[in-house]
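Please read the points below with the structure open beside you. They go from the whole chain to single residues.

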Amino acid sequence: EMVAAVKNMRSLVQDAASKNLLPTASFFGEKLVCLPGAEDEDIFVLAQLYFQQRQFKRALLTLQRVSNSSSPRFRLLAGQCLAEGKEWDQCLAVLGEEEQQSMRTEAAREEGVDTVAGMY
């Protein structure tokens, strides 16, 4: 019976979102993520709905409830929320920019390219 309730609630969220009734979709999404049987995907959808309504902090807090936050989709949305809030350092950390920069620098060293000179 709970499985049916979760499916029904998901369909309400999808229906409201498809009609661009974002506050209504968020309302049902909030109820959905509280039900047993809700999945990380449901939390992601709710965070997306908040993001679309320009509720960036709320979207970010919602994403922090996810167990699989290392997924690229989750990290990207978190990074977008942080960027909208002008939290640049946190944004880069979430998106792994430091990791990417060190990988680019290492790759450039192997190729003999001066990355600092290439920036100017």
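1. The chain has eight helices and zero strands, where helices (H or I, at least four residues) and strands (E, at least two) are DSSP runs numbered from the N terminus. Read from the N terminus on, the elements follow the order α-α-α-α-α-α-α-α. Please keep in mind that this is a predicted model, in which local features need pLDDT of at least 70 and side-chain atom pairs count only at pLDDT 80 or more, while totals for chains, interfaces and linings use all residues. Residues are numbered from 1 along each chain as its sequence is written, and side-chain values use heavy atoms, with hydrogens and water left out.

2. Of the 120 residues in the chain, 28% are buried, a word that here stands for under 20% relative accessible area, with exposed meaning over 50% and partly exposed in between (1.4 Å probe, protein chains only). Among contacts (heavy atoms within 4.5 Å) between residues at least 6 apart in sequence, 41% join residues at least 24 apart.

3. Helix H2 covers residues 22–34, and its 13 residues reach 18 Å from the first C-alpha to the last, close to the 18 Å expected at 1.5 Å a residue (the expected span being 1.5 Å times one less than the number of residues). Its buried residues are Leu22, Ala25, Ser26, Gly29, Leu32 and Val33. Seen down the axis of H2, these buried residues fall within an arc of 120°, so they line one face of the helix; the arc is that of the directions from the helix axis to the C-beta atoms. An α-helix has 3.6 residues a turn, so residues three or four places apart point the same way.

4. What lies on either side of H2? The cover over its buried residues includes helix H1 (2–18) and helix H3 (40–52), whereas the face turned away from the buried side carries the exposed residues Pro23 and Cys34.

5. Phe27 counts as partly exposed at 42% relative accessibility, and Phe28 also counts as partly exposed, at 22%.

6. Tyr50 has its place in helix H3 and is buried, with a relative accessible area of 4%. Leaving out residues up to four places away in sequence, Tyr50 touches Ser26, Glu30, Gln55, Arg58, Ala59 and Thr62. Thr62 is twelve residues from Tyr50 in sequence, and the two are 8.8 Å apart in space, C-alpha to C-alpha.
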